[in-house]
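Please look at the sequence and the structure shown here, and keep both in view while reading the paragraphs that follow.

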There are 2 protein chains.
Amino acid sequence: MSDFTLDPLLAAESVPLAPLALCEARLFDDSRFPWLVLVPRKAGLVELIDLDPRERMAVTEDIAQAAEALKAVTQCYKLNVAALGNQVRQLHIHVIARFQNDAAWPQPVWGKGARVPYSDTARGEMVAKLQAALGLV
Amino acid sequence: MSDFTLDPLLAAESVPLAPLALCEARLFDDSRFPWLVLVPRKAGLVELIDLDPRERMAVTEDIAQAAEALKAVTQCYKLNVAALGNQVRQLHIHVIARFQNDAAWPQPVWGKGARVPYSDTARGEMVAKLQAALGLV
């Protein structure tokens, strides 16, 4: 896994949160939606089925850990979990907290207007809360 | 699991394909996108994290089986895998074959115009191909 590198667009639009079992957990920098992105630390992945079964299990548990933490922090109405990859081909999994009054409900969040970055203060607070929750679940 | 029932909207918009380890695999009846929907056969599920770890593993392998079959049948450019549930709350997982010239690319497929049901002939052919592929992978 030494040749793993993060896609430049993913890197530019998110900040580091925590290393999970197989994935890097990052906070997507859009204050409209509490949104984690999980990136498996292995080079050359595009599809979930590029993972072997043991790696898929690890990614599945990383997703569950991220989802539990996001739900605990946000008390969201619904979680959205998705591996799309139409725009960024490197395998990454979105874990998003949804609310019935959010900016895209009930549609998916992708392609709904421009990203609204957090303020430095708000971003720092969200990162701290999520890191604490990831450590507790 | 005897009290499992399929959401009426899911039932109306898709047709049965195959029982997998934990999920019912169905073909979503939209000829614009080759699209499977997996529904875990357990009552009361909303989120992936409502599954216990053993069930999550089974669902993960059902997703992989569906994805391999869909890729084999369609030779798609990308797979989209998602558990959203903003409109139908019963837990279900979308596995969708995407192409760079499809009706929504590179956006997600949800909310892009009206569903275009298959003709009876085309639907039957797609079901037969997918059932064969699901049996082979």
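**How the two copies meet**

In this predicted model, 100% of the interface residues of chain A are also interface residues in chain B, so the copies meet through the same surface, where contact means heavy atoms within 4.5 Å. Chain A brings 32 residues to this contact, and chain B brings 32 residues as well.

The size of an interface is often given as the accessible area lost when the parts come together. Here chain A and chain B bury about 3,100 Å² between them, 53% of it on carbon and sulfur atoms; buried area is the accessible area, found with a 1.4 Å probe, that two parts lose on being put together, summed over both. On the side of chain A, the residues that lose the most area to chain B are A:Ile49, A:Lys78 and A:Asn86, which together account for 22% of what that side buries.

A:Lys78 also forms a salt bridge with B:Glu47, with the closest N and O atoms 2.7 Å apart, and the interface holds 4 salt bridges (a side-chain nitrogen of Lys or Arg within 4 Å of a carboxyl oxygen of Asp or Glu). Helix H2 (53-74) and strand S4 (78-83) of chain A each supply at least two residues of the side that touches chain B, helices (H or I, at least four residues) and strands (E, at least two) being DSSP runs numbered from the N terminus. H2(A) gives the most to that side, with 9 residues.

Strand S4(A) is joined by 3 bridges to strand S4 (residues 78-83) of chain B, and the two run antiparallel; strands pair if DSSP finds at least two bridges between them. Within this pairing, A:Ala83 has B:Val81 as its bridge partner.

Away from the pairing, most residues other than glycine have a negative phi, and most peptide bonds are trans. A:Gln75, in the loop between H2 and S4 of chain A, has a positive phi near 50°. The peptide bond from A:Trp105 to A:Pro106 is cis, with omega near -5°.

Residues are numbered from 1 along each chain as its sequence is written, and chains are lettered from A and ligands numbered from 1 in the order in which they are written. Local features need pLDDT of at least 70, side-chain atom pairs count only at pLDDT 80 or more, and totals for chains, interfaces and linings use all residues, while side-chain values use heavy atoms, with hydrogens and water left out.
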